[in-house]
Amino acid sequence: MQGPAAPKDPEKKRDSFYIMKEKDIFGTKTDDGRGIQYLYQDCERLVNSAQITGGVTDESQLALLRSVDGLKKLVHSIGISVETKNPKEKVIVVFQMYGKHDIYGGGTKLQATLRGDGAEQKIYLSQAQWAEDDDIPGQIYVILETPNETAALNIRLYLNDGYYAPKIVEEDEIAFGSAEYRQMIARSCVSCGYGKRLRRVIEQAKSGREVTIAYIGGSITQGAGAAPIHTQCYAYQSYRKFQEICGNKENVRLIKAGVGGTPSELGMIRFERDVLRDGMVNPDMIVIEFAVNDEGDETKGDCYESLIRKALKQPNEPAVILLFSVFANDENLQERMIPIGNHYHLPMVSIKNAVTEQFYKKQGAGRVMTKNQFFYDIYHPTNAGHTVMADCLAYLWKQAELSEGAAESVLHEPLIGNTFENVRLLDKKDGYKNAQIFPGGFTETDRVLQCVEMDAVVEPVPEFPFNWHYDGKNTRQPYFEMKIVCRALVLIFKDSGETDAGRADIFVDGRYVRTADPFVNGWLHCNAIIILNASESGSHFVRVQMQETDRDKKFTILGFGYVE
């Protein structure tokens, strides 16, 4: 009988800090039957995680996390552990570096294969075969044998000699429902607005009639950070809370229309398709959440106000609620948006007002939860954060029911603008009688698209599947042309960091307007840019022309938003 092997010499104890600690993940089913969860580390996410989860304040160490060379200088090894429902389940964790030239294919992939039993395994950076194209830490993805199940992930960075990490501070559990928690939630109510529309929806739900709540926004409304995304997101949680508070016999319905990385500039074009479902649905309540997405709104509020007016103008007079989410740096755009809400006397909820001040208080002296407990990453809430958002909406509904205000929201003259109030989508499916399409080389249909989880469904669906795609093969016709009668026009194109993507120049009436560059943001999503904004409607000729050096590259026109 063979005895146990002699133990190895113990490793030197090293300082370390967490970048993920008991992080809830959810393995979305893939084509091969496994589950996968992506955790992006670019765009300051890794730095933010080191600050919030790891407590790192040393700016020189944080700066090293912004590049692969810096990561190798700072980090000795990466400790990873995962807990799954079945502790024997095989789990693969990959930390992928992005490349300088080939973003997704040129960088190193550090991989660990472990079990879901919570035992830590280390990846030693000195043993990795580093790629020449390495640029920045890009993403971590976890592959689970069993799809559509949750797991808990821990990742910490062990430091090289000469670097030191702060002491790990254990967090108290969040006291949901405590007096301090209720006070935090109450701070979120910016205004109940003129409550007639909202009170009418509440009364309708209480009477047993069917009520539909629609949510439109960015990735937070999509559910990013929630695990599982379709039932832990704030939209689903709050719609269920409305059913509990005001519903009768399961008479509340959900429409969820969040698309990651997109502002109201795209939301206003998606409204008829994604909220009204092409006229098949008339929501009774519409929650609009773009307070952390609209920095990219070229009109600085015109598109946002246009979307609000579009919602308010619906024939069934829905209640419209403005929701202001917040980033981990305590920033959002509510200072721009609250005046618009006040202008139309709308109910408004600020997550920023609720949580940011208490983050900086000590436990027992007013702090309810830490940033690490609220934020999944620099942009998105955790499950607990989504619960807070749902509770803030529920508080508004209770206050609206108690309030005596019965005035009606009025469509005043616009405060900032209503240029796009009547904007509509034009794509291969939804035509426009005053538009003639000459696709040139844009004859294909792109199927590699941004996909999002809609409503209460976990399976993602593609955004803008009825598109015009140039595949780089018809180099004799590297253009798309359109004659259209309109006053304003928005081009929606596919953003991508892929090496085979190309840039296209936009011409209107023979004049160069701008270049559509799929590398500006560098990840797969939908980008909307204004290419025409005239004072009067007229006939215009639009040409989308591949740049001469990119004639053999790919480009996708997802659609247009037009105002007649």
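In which sense do S22 and strand S24 (residues 525–546) pair, and over how many bridges? They pair in the antiparallel sense, over 5 bridges. This is a predicted model. It holds 31 salt bridges. Its largest nonpolar core has 52 residues, and a second, separate core has 47. The points below take strands, salt bridges, cores and helix packing in turn.

- On the S24 side, Ala 504 stands opposite Met 546.
- S22 also pairs with strand S23 (residues 511–516), running antiparallel to it over 5 bridges.
- Val 508 has Arg 511 in S23 as its bridge partner.
- S22 and S23 form a hairpin with 2 residues between the strands. Asp 509 in this hairpin takes a positive phi, near 55 degrees.

**The four-strand sheet**

- An open sheet of 4 strands runs in the order S1-S9-S4-S7. Its pairing is antiparallel.
- Strand S1 (16–26) and S7 are the edge strands, each pairing on one side only.
- From one strand to the next, the twist averages 20 degrees.
- S1 and S9 run antiparallel and are joined by 8 bridges.
- Within this pairing, Tyr 18 stands opposite Arg 156 in S9.
- Strands of a sheet pair through backbone hydrogen bonds, whether parallel or antiparallel.

**Salt bridges across the sequence**

- Arg 156 also forms a salt bridge with Glu 120, at 3.2 Å from N to O. Arg 156 lies in strand S9 (residues 150–159), while Glu 120 sits in the loop between strand S6 (109–115) and strand S7 (121–124), so the bridge ties together parts 36 residues apart in sequence.
- Glu 120 is partly exposed, at 37% relative accessible area.
- Arg 200 and Glu 317 form another salt bridge, with their closest N and O atoms 3.8 Å apart. Arg 200 belongs to helix H5 (residues 196–206) and Glu 317 to the loop between helix H10 (302–312) and strand S14 (319–324), so this pair ties together parts 117 residues apart in sequence.
- Arg 253 meets Glu 210 in a salt bridge of 3.6 Å, N to O. Arg 253 is in strand S12 (residues 252–258), and Glu 210 is in the loop between H5 and strand S11 (211–217). The pair links distant parts of the chain, 43 residues apart.
- Here too both residues are partly exposed, Arg 253 at 36% relative accessibility and Glu 210 at 47%.
- A network of salt bridges links Arg 270, Arg 273, Asp 274 and Glu 463.

**Nonpolar cores**

- Which residues touch the most other members of the largest nonpolar core? They are Tyr 215 and Phe 242, out of 52 residues in that core.
- Helix H14 (residues 383–402) gives the most to this core, contributing 9 residues.
- The second core, of 47 residues, is separate. Among its members are Phe 420, Leu 425, Ile 530 and Val 563.

**Helix packing**

- Two packed helices are described by the angle between their axes and by the distance between those axes.
- H5 packs against helix H8 (residues 234–246) at an angle of about 70 degrees, with the axes 9 Å apart. The two helices are therefore roughly perpendicular to each other.
- The crossing of H5 past H8 is right-handed.
- H10 and helix H11 (residues 334–343) cross at roughly 30 degrees, and their axes come within 11 Å. This angle is under 35 degrees, so H10 and H11 are roughly parallel to each other.
- H10 also passes H11 in a right-handed crossing.

- Gly 296 lies in the loop between strand S13 (285–289) and H10.
- Gly 296 counts as partly exposed, at 48% relative accessibility.
- Gly 296 and Val 68 are 228 residues apart in sequence. In space, their C-alpha atoms are 28 Å apart.

Technical notes:
Residues numbered from 1 in each chain as written. Predicted model: local features only at pLDDT ≥ 70, side-chain atom pairs only at ≥ 80, totals over all residues. Heavy atoms only, no water. Salt bridge = Lys/Arg side-chain N within 4 Å of Asp/Glu carboxyl O. Buried < 20%, exposed > 50% of the residue type's maximum accessible area, 1.4 Å probe, protein only. Core = buried A, V, L, I, M, F, W, Y, C linked by side-chain atoms within 4.5 Å. Pairing = 2+ DSSP bridges. Axes fitted to C-alpha atoms, helices over the stretch in contact; angles between N-to-C directions. Parallel < 35°, antiparallel > 145°, perpendicular 65-115°, else oblique. Left-handed = near helix turned anticlockwise from the far one by under 90°.
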